Amino acid sequence: MIIGCMSAGKSSELIRRVERARLAYLPTAIFRPAVDTRSKPDHVESRNGLASQAIVVDQAKEMLKYSSQAVVIGIDESQFFGDDIVEVILTLLRQRKKIIASGLDLDYRGKPFGVVPHLLALADRVDKLLAVCKKCGSDFACRTQRLVQGTEQVLVGDSEYEARCIDCFEPPSEFQMRIDLQSTNVSEPALVNFAPPSNFSTAV
Ligand SMILES: [Zn+2]
């Protein structure tokens with residue numbers, strides 16, 4: 001499993017590992033869920049421009065249908081699949097296929113995301129990738145900060161989120177409170193004269 005927050009390089013790492021197998025002439029297949037509408041059809045794309053052909057499926061069980069020839073199987077955005085992906089992956093493993101799955105381990109609230117914790121427990125190798133914090137610049141971003149209102153767990157988009165370290169991450173309730181304060185005090189001069197505290201530090 002390849003996990004981490006957004007902008008950590010999960011999809012490009014998934015593509016890299018599947019391409020490695022292709023170079024050795026192993027038959028491969030990459031799947032991604034239809035709910036992720038950011039990549040162009042029939043492709044999996046990383047935010048740094050890497051792309052590979054992918055089979056888009058609505059439900060995990062469709063992977064069984066399209067993977068009979070594949071020896072190495074990549075699954076992108078695995079957090080968007082339902083619990084039935086566990087049985088599908090166990091079936092593929094019994095067929096002696098190698099599975100490489102990527103996904104968000106935590107949702108925008110900082111809580112474990114859907115079926116991913118279950119997949120982590122089954123995995124024989126887990127790589128947790130970190131991003132650069134968009135707020136303080138540290139190398140240890142492990143949370144996905146949602147920048148818009150909304151309580152649904154799945155809200156697909158890139159501009160609505162940013163990678164944050166655990167110190168800069170604001171859980172939805174705190175983030176919402178700050179947005180509300182800003183919108184009500186927008187004409188207050190006190191906000192304009194903001195002075196950072198003496199121990200204020202910029203990017204590490
Ligand atoms: Zn930070």
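Modeller: Strands are DSSP runs of E with at least two residues, helices are runs of H or I with at least four, and both are numbered from the N terminus. Please keep in mind that this is a predicted model, in which local features need pLDDT of at least 70 and side-chain atom pairs count only at pLDDT 80 or more, while totals for chains, interfaces and linings use all residues. Residues are numbered from 1 along each chain as its sequence is written, and side-chain values use heavy atoms, with hydrogens and water left out.

Biologist: Which residues touch the most other members of the largest nonpolar core?

Modeller: Of the 21 residues in that core, Met63, Ile73, Ile75, Phe81, Ile85 and Leu119 touch the most other members. A nonpolar core is a set of buried Ala, Val, Leu, Ile, Met, Phe, Trp, Tyr and Cys residues joined through side-chain atoms within 4.5 Å. At least two residues of this core come from each of strand S2 (28-33), strand S6 (72-75), helix H3 (85-94), strand S7 (98-104) and helix H4 (116-122), and H3 gives the most, with five residues.

Biologist: What is Ile73 in contact with, then?

Modeller: Contact means heavy atoms within 4.5 Å. Leaving aside neighbours within four places in sequence, Ile73 is in contact with Ala29, Phe31, Ser67, Leu92, Lys97, Lys98, Ile99 and Ile100. There is also a second, separate core of 12 residues, which includes Met6, Ala131, Cys133 and Cys165.

Biologist: Switching topic, which residues coordinate the zinc ion?

Modeller: Cys133, Cys136, Cys165 and Cys168 coordinate the zinc ion through their SG atoms, at 2.3 to 2.4 Å. Donors are N, O and S atoms within 2.8 Å of the metal (3.2 Å for Na, K and Ca), and water is not among the atoms, so sites may look incomplete. In sequence the donor residues are spaced C-x2-C-x28-C-x2-C. Cys133 lies in the loop between strand S8 (127-129) and strand S9 (143-146), and Cys165 in the loop between strand S10 (161-164) and helix H5 (172-184), so this pair ties together parts that are 32 residues apart in sequence.

Biologist: Are those two cysteines buried or exposed?

Modeller: Cys133 counts as buried at 3% relative accessibility, and Cys165 is buried too, with a relative accessible area of 6%.

Biologist: How about H1, what should its residues span?

Modeller: The expected span of a helix is 1.5 Å times one less than its number of residues. The 14 residues of helix H1 (residues 10-23) should therefore span 20 Å, and the end C-alpha atoms are 20 Å apart, which agrees. Within H1, Glu13 is buried, with a relative accessible area of 17%. Leaving aside neighbours within four places in sequence, Glu13 is in contact with Ile2 and Leu129.

Biologist: Last one, where is phi positive in a residue other than glycine?

Modeller: Most residues other than glycine have a negative phi. Ser7, however, has a positive phi near 65 degrees, and its place is in the loop between strand S1 (2-4) and H1, where Ser7 is exposed with a relative accessible area of 53%. Glu77, in the loop between S6 and H3, has a positive phi near 50 degrees, but Glu77 counts as buried at 7% relative accessibility. Just after H1, Tyr25 takes a positive phi of about 65 degrees.

Conventions
Buried < 20%, exposed > 50% of the residue type's maximum accessible area, 1.4 Å probe, protein only.
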